[in-house]
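Open the viewer and follow along, one selection at a time. Each stop says what to pick and what is there.

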Amino acid sequence: MSDVRRELRVELGERSYPILIGTGLLGHYDLTPWVMGDRVMVVTNETVAPLYRDRLDACFPGKQVDHVVLPDGEAYKDQETLTRVYDALLEKRHTRRTTVVALGGGVIGDMAGFAAACYQRGVPFIQVPTTLLSQVDSSVGGKTGINHPLGKNMIGAFHQPEAVLIDTDTLTTLPEREVPAGLAEVIKYGLIREPEFLAWLEEHVEALLSLSPDALAEAIYRSCACKAGVVAVDEREGGLRAILNLGHTFGHAIETHTGYGSWLHGEAVGLGMLMAADLSCRMGLINEIERERVRRLLQRAHLPARPPSDMTPDDFLRRMAVDKKNVDGRMRLVIMRQLGEAFVTDEVEPENLRATLTHFCE
Ligand code: NAD
Ligand code: MG
C-alpha cells in the first residue's frame with residue numbers, strides 16, 4: 001500500500017515545494033492538493049506510459065486528466081517534440097489553470113517542465129520521476145529545457161515544481177544499466193559534501209543495487225537534501241552549485257568522444273569522479289587510501305573503471321577545453337580537498353592533469 005517513507009521540503013521562499021518518497025504511491029497517493037484547477041496534462045513517453053500512466057491517473061481523483069505520449073529518447077528532447085506538448089495543450093483547450101505533470105526520466109522531466117514554464121507564460125507542474133537519476137538529480141533544482149542541434153540543454157528556463165512524487169517501485173522496471181548510472185550521482189553527493197553519507201553508502205551499496213525500498217528511500221532522501229541544500233545557497237549557479245559537477249568535465253569528454261548514448265551519463269560521471277579523485281591525490285589533497293575508497297565504491301556500484309580503449313589523453317584535453325565552467329581560457333575543474341569536500345579550482349597543474357589522463361588511458 002501507499003507508504004510515504006521520507007519527505008523533505010526544498011526551501012526556496014515562495015517557490016518552496018515538497019519531495020515525497022516512498023513505495024506504492026502511484027495508484028494511491030492523492031496529488032490533488034497540488035493541483036489548483038480542474039485539469040491536468042500528463043507528459044510521458046511511449047516506454048513509461050504503458051507501465052505507469054493508469055496508476056498515475058488514479059492520483060488525481062475528481063480531475064480531468066489528459067495525456068501526451070512522446071517518443072522515447074534524448075534525441076527527442078528537441079523543439080519539434082516540445083511543440084507536440086503545446087499542440088496537445090491547445091487542442092484540448094487547456095488554460096493557465098492547468099497543471100502539467102511529468103511522468104518519466106530526466107528527458108521527460110526537462111521537457112515537461114520547460115513546456116510548463118512557457119505555456120501561456122507559465123503554468124504549475126508536478127514531477128513524477130521514474131529513473132534513479134531523475135529522482136536524485138533532475139527533479140531538484142528547477143532547471144528545465146531542451147537540446148539545440150548545436151548544444152545540449154542550450155534552450156531552457158528555471159521553473160520550480162509544485163511537488164515531486166518519487167515512487168521507488170518504478171525502479172524495478174528500469175533497464176539494468178540505469179540503476180548503477182543513477183547511483184553515480186548518489187555517490188557524488190557523498191563525495192562533494194556529505195562524508196557520513198559516503199560511509200553509509202559504503203555499507204548499503206548492495207542493498208541499493210537490489211532495490212531495497214528502505215535503502216532507496218534513505219539514499220534518495222539524502223541525495224535530494226544535499227542537492228536542495230546546494231541549490232538553496234545558489235539557485236542560479238553563481239558559485240557553490242558548480243561542485244555538483246564533480247566528475248562531469250571528464251565525463252562529458254567521454255560522452256562526446258563516444259557519441260551520446262553508448263555510455264550512459266552516470267557511467268561517464270562515475271569514471272570522471274574516479275579521475276577527479278586520482279587528480280586530487282596527485283595534487284596532495286587526498287591520500288592513496290582515500291582514492292582507493294572511491295575506486296572500490298564505484299566498482300561495487302558496477303561503474304566502469306576505464307575510459308573507452310581508443311581514447312587518448314589528448315582526446316580528453318581537447319574535449320575538456322570547451323567545458324562551460326572554463327573562464328577566460330582557464331580550465332576549471334572540481335576536485336576534492338578530502339572525501340566529502342569538493343571545490344572548484346582553475347589552478348590544476350597541467351603535469352598533474354596529464355599524469356591522471358595518462359594513467360587511465362594506458
Ligand atoms: P531518460 O529520461 O532518457 O530515461 C532513461 C530510459 O529509461 C528511457 O528510455 C526511459 O524511457 C526509460 N524509463 C524511464 N523510467 C522508466 C521506468 N520506470 N521503467 C522502465 N523504463 C523507464 O534518462 P535519465 O537518465 O532519467 O535523464 C537524463 C536526462 O536528464 C538528460 O536529458 C539530462 O540532460 C537530464 N538532466 C537534467 C537535470 C536537471 O537538473 N534538470 C539534471 C540531470 C540530468
Ligand atoms: Mg549529472
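Helices here are DSSP runs of H or I with at least four residues, numbered from the N terminus. By that rule, residues 265–282 make up helix α9, and H265 lies in it. Keep in mind that this is a predicted model.

**Stop 1: H265.** Stay on H265 in helix α9. Is H265 buried or exposed? H265 counts as buried because 22 other C-beta atoms lie within 10 Å, and the cut-off for buried is 20 or more. Now show its contacts beyond four places in sequence: A181 and E255.

**Stop 2: E185.** Move to helix α5, residues 178–193, which holds E185. E185 is buried too, because it has 26 other C-beta atoms within 10 Å. Which residues is E185 in contact with, leaving aside neighbours within four places in sequence? Select L133, V136, D137, G266 and V269.

Stop 3: Select residues 333–338 for strand β10 and residues 341–345 for strand β11. The two pair in the antiparallel sense, over 5 bridges. Pick V334 next; its bridge partner in β11 is V344. β10 and β11 form a hairpin with 2 residues between them. Finish on G340 in the turn, where phi is positive, about 100°.

Methods. Residues numbered from 1 in each chain as written. Chains lettered and ligands numbered in written order. Predicted model: local features only at pLDDT ≥ 70, side-chain atom pairs only at ≥ 80, totals over all residues. Pairing = 2+ DSSP bridges. Buried ≥ 20, exposed ≤ 12 C-beta atoms within 10 Å, placed from the backbone. Contact = placed C-beta atoms within 7 Å.
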